[in-house]
Amino acid sequence: MAVSSSSDLFILALGVVLAALYLFRDQIFAAAKPKAVSLPSKLSDGDENPRDFIAKMKNGKKRLVIFYGSQTGTAEEYAIRLAKEAKSKFGLTSLVCDPEEYDFENLDQLPDDCAAFFVVATYGEGEPTDNAVQLMQNLQDESFEFSGGERKLEGLKYVVFALGNKTYEHYNVIGRIVDTELAKMGAIRCGERGEGDDDKSMEEDYLEWKDGMWEEFARIMGVEEGQGGDTPDFKVTELQSHPSEKVYLGELSARALTKTKGIHDAKNPYPAPILKSRELFQKQGERNCVHLELGIDGSGITYQHGDHVGVWPSNPEVEVNRLLCALGLWDKRDHVIGIESLDPALAKVPFPVPTTYSTVLRNYIDISAVAGRQILGNLARFSPSPDAEGFMRSLNTDKEQYGRIIANGCLKLGEVLQLAAGNDIKAVPTLENTTAWPIPFDVIVSAIPRLQPRYFSISSSPKLHPTAIHVTAVVLKYQSVASDKVPPKWVYGVGSNFILNLKYAACGETAPLIAQNGSADPAHTPFPLYAIEGPRGAYKQEMIYKSPIHVRRSTFRLPTNPKSPVIMVGPGTGVAPFRGFVQERIALARRTIEKNGPDALADWGRISLFYGCRKSNEDFLYNEEWPQYIDELKGKFTLHTAFSREPPYKPDGSKIYVQDLLWDDRSKVADAIINGKGYIYICGDAKSMAKSVEDVLAKILGEAKGGTMEVEGAAELKLLKERSRLMLDVWS
């Protein structure tokens, strides 16, 4: 009975507790209830989802949305140009968007009187740019649905301008995919798809395409040209008083100006000290190749073999001075200015402000590029004389004349302004010999794109050099093509000559000045002079010089398994990443031998480097290092060299190049790829070298498969690329 009684009491008590819980459940569990979290697409009334471009268009009364897929800034530049033209031609305002900042589910909600533009570059081996990856996934994913619950874009009006380079296999493939996918979903293209070829002239391709596109766009959109106006994008104000410590004098970020710590990346480059620098070419003369070692200790910057380093140059001082004189700003060069965007959705101020006139020209905009044909037409109305205006308009409308004088002559904007005004472009620019043009500075800021970093393949491995990034840079210098208006002149690459300036300074060598004997004649000018000490002397501490840099990640990597054979083809400075590759294997070999003994590399795959240059005693890069690497890798590393301007030559007397070395070693190459499942890497010139190497590889593999270069060989190359066993790091 006692047990039964206790059980009854327990059951009764449990019933009372459960009844109380039920009656007072709201009060008891209220605090434990999870709070409702609003998803970005369903914000409270009055809150705008920052990733909703449709809402932004409606709020800003924009009728065009322009998405750009850009890796280096070029596609963004053309996107802004299209937005400006739509505004000036038709009075239509645009929302220019970085696609990774927006969601695309509501693309089907674009109103009927609106249109979407896609300005997209193809990067690497047919890949979208980093900021367009999500956009491409949405467009290509058959399971992706828009806000209406369907994969349809019926009636959506769109425009595509693709940017690429014909020397690459997958020329403009991203723009073509965008076009194809939109059309499949029922969208309507306005005009032809534009395709720009950076190998020839992106600018000319754009100019040839845009007029026809705008004509068809106007017809489909039901708008008429002439409804817009010539309104400025920016307002430039001279500031009478501003704290000097808050004025940007070339600093690339707010953290650099205030000297506060932060992550170093493309938005906040790191001023890396130059630890070592030297000339790599053995014969001193007209050509230079510079080896730099940039310190990153304590910066938080890390890198991997195969990555790229972005070096942020300034413009050469002679071009800064030339444009200051041509714009009538020499006496005001150090005036502090503020710049305000009059339409932030269309054109953001592309550099930090407040700043000065000279700083903008030196550090922030690309005045060293060849002047574009469209820009010359825009500036014609500011000409100082009728003859100058006629010349500018003729260059703008006559493609052949522009190509003959400006493009072939490699004339920068300052030089064109001098030439049009009848000035001597070979003389050192001064107020006395340079005619001033009354061009508003906001027009200059709007017309010239931001000065971009120059990228170099890193030529070291962090396994051997954890606190330094090595750069191998051949200095670009060549003569322009003469015309009836301009004699031949020396043309200098901005980034590589900036590095050459740093090398001279870091080594304590005297660099020749720009002006000698009152003349800028190329015969007296080995290279242009740069303001390498940086803003407020920030890039020089005693005798140590610095250069602002950041690292760009790459997929150009060695296989993780050292048993896989590796074939590397890199003539000239194309050898840069392969020096890093070999160092990576050296570090692994040292650890492996230390752990497993002297025979530990016996089952490693062969590493073969096919390298070429002109002469063994002139431009053989790192010739003193390769024997050491061969020794450390216990015979697993083989170097094949081709010296095109010294014997031996082919039986017919023609030169030997790296592709010839591949063919000579074809049995081992085929065995490494087919039987050894090896990896192939090509670095260097895309136009001739890379194509020739791929052709030889196709021939080798085709024959090894018992077929032809065109069928079996091409199929093998395609498969290797798909499996990331054939990788390219090339440039044109």
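Ala272 is buried, its relative accessible area being 0% (buried is under 20%, exposed over 50%, and partly exposed in between, using a 1.4 Å probe and protein chains only). This alanine sits in strand 9, residues 270-279 (strands are DSSP runs of E with at least two residues, helices are runs of H or I with at least four, and both are numbered from the N terminus).

Keep in mind that this is a predicted model, where local features need pLDDT of at least 70 and side-chain atom pairs count only at pLDDT 80 or more, while totals for chains, interfaces and linings use all residues. Residues are numbered from 1 along each chain as its sequence is written, and side-chain values use heavy atoms, with hydrogens and water left out.

What does Ala272 touch, leaving aside residues up to four places away in sequence? Its contacts (heavy atoms within 4.5 Å) are Leu294, Gly295, Tyr545, Lys546, Ser547 and Ile549. As for Ile544, its C-alpha is 10 Å from that of Ala272, although 272 residues separate the two in sequence.

## Salt bridges

Side chains of opposite charge can pair when their charged atoms come close. A search of the whole structure turns up 48 salt bridges (a side-chain nitrogen of Lys or Arg within 4 Å of a carboxyl oxygen of Asp or Glu). One network of them links Arg176, Asp179, Arg189, Glu192, Arg193 and Glu195.

Take Arg362 and Glu317, whose closest N and O atoms are 2.7 Å apart. Arg362 belongs to helix 10 (residues 357-364) and Glu317 to helix 9 (residues 317-326), so this pair ties together parts 45 residues apart in sequence. Both Arg362 and Glu317 are buried.

## Around helix 22

Lys705 pairs with Glu716, with 3.8 Å between the closest N and O atoms. Lys705 is partly exposed at 44% relative accessible area, whereas Glu716 counts as buried at 17%.

Glu722 and Lys718 also form a salt bridge, and their closest N and O atoms are 2.6 Å apart. These two are 4 residues apart in helix 22, so about one helical turn separates them. Glu722 counts as exposed at 53% relative accessibility, and Lys718 counts as exposed at 51%.

## The annotated domain

An unreviewed UniProt entry carries the annotation "domain: Flavodoxin-like" for residues 64-214 (positions follow the numbering used here, feature names are shortened, and annotations may be inferred rather than shown by experiment). Over residues 64-214, the chain is 33% helix and 23% strand, with the end C-alpha atoms 13 Å apart.
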